[in-house]
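Open the model in your viewer and keep the selection panel at hand.

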Amino acid sequence: SIGKSVPDLAANLMDGKPFKLSELRGKWILLDFWGTWCGFCVAEEPTMKDAFEGWAADGRLVIVAVSVDDSVQQVKDHVAKNALPWTQVVLGDRKLTDIPKRFGVQGYPTTILIAPDGTLAADELRGGSVRQTLIEKLGIPSPPKKSP
């Protein structure tokens, strides 16, 4: 629930390196549980790109996508094809990990905002509510970057 500490998350990044959510303490974190097989998750990618361009690109926010795909290669292929530049954690088969359950995930996508002190700042974020919540918590987005 809002204001409660979120659990730590230890898993591997898409490139195999270890990742710990607790190492991001002190930063705003948009944590997105998703899968390449999930149509609603894929439909949220423009929302996540907006959050990346508006708040993560200038350092005010860290976006961490937590995939429950069966293989790392599925995630790598999807991320490359769709140019998703934020942190990608791969849990593997969702039936073999308890991490989503520990975060209260009941469906995909599930997107939450974690405050710098490690507490839940917002949950059930989708579409326009992501942008609105980020404006409320982090201020106005950075202007879009101009293409060369």
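A cavity here is a set of grid points where a 1.4 Å probe fits but cannot get out. The model is a predicted one.

**Stop 1: the cavity.** By this rule there is one cavity of 30 Å³ or more. The largest cavity has a volume of about 60 Å³. Select D32, W34, C41, E45, M48, A65, L84, W86 and Q88, which line this cavity. Now colour by element. Strand 3 (28-34) and helix 2 each give at least two residues to the lining. By class, the lining of the largest cavity has six nonpolar, one polar and two charged residues.

**Stop 2: the pocket.** Next, go to the largest pocket, with a volume of about 300 Å³. Its lining counts 17 residues. Select F103, G104, I112, L120 and D123, which lie nearest the centre of the pocket. The lining of the largest pocket divides into eight nonpolar, six polar and three charged residues.

**Stop 3: the helix pair.** Show helix 2 (residues 45-56) and helix 5 (residues 128-138). How are these two helices oriented to each other? Helix 2 and helix 5 pack at an angle of about 20°, with axes 10 Å apart. Angles under 35 degrees count as roughly parallel, and helix 2 and helix 5 are therefore roughly parallel to each other. Their crossing is right-handed. For the contact, select T47, D50, A51 and W55 on helix 2, then V130, R131, L134, I135 and L138 on helix 5. The classes in this contact are six nonpolar, one polar and two charged residues.

Terms used. Residues are numbered from 1 along each chain as its sequence is written. This is a predicted model: local features need pLDDT of at least 70, side-chain atom pairs count only at pLDDT 80 or more; totals for chains, interfaces and linings use all residues. Side-chain values use heavy atoms; hydrogens and water are left out. Axes are lines fitted to C-alpha atoms, for helices over the stretch in contact, and angles run from 0 to 180 degrees between N-to-C directions. Helices (H or I, at least four residues) and strands (E, at least two) are DSSP runs, numbered from the N terminus. Angles under 35 degrees count as roughly parallel, over 145 as roughly antiparallel, 65 to 115 as roughly perpendicular and the rest as oblique. A crossing is left-handed if the near helix is turned anticlockwise from the far one by less than a right angle, and right-handed if clockwise. Contact means heavy atoms within 4.5 Å. Ala, Val, Leu, Ile, Met, Phe, Trp, Tyr, Cys and Pro count as nonpolar, Asp, Glu, Lys and Arg as charged, and the others, Gly among them, as polar. On a 1 Å grid over the protein atoms alone, a cavity is a set of points where a 1.4 Å probe fits but cannot get out, and a pocket is an open set with protein on both sides within 12 Å along at least five of seven lines; lining residues have an atom within 4 Å of a point. Grid points are joined across faces, edges and corners, and a volume is the space filled by probe spheres set on the points.
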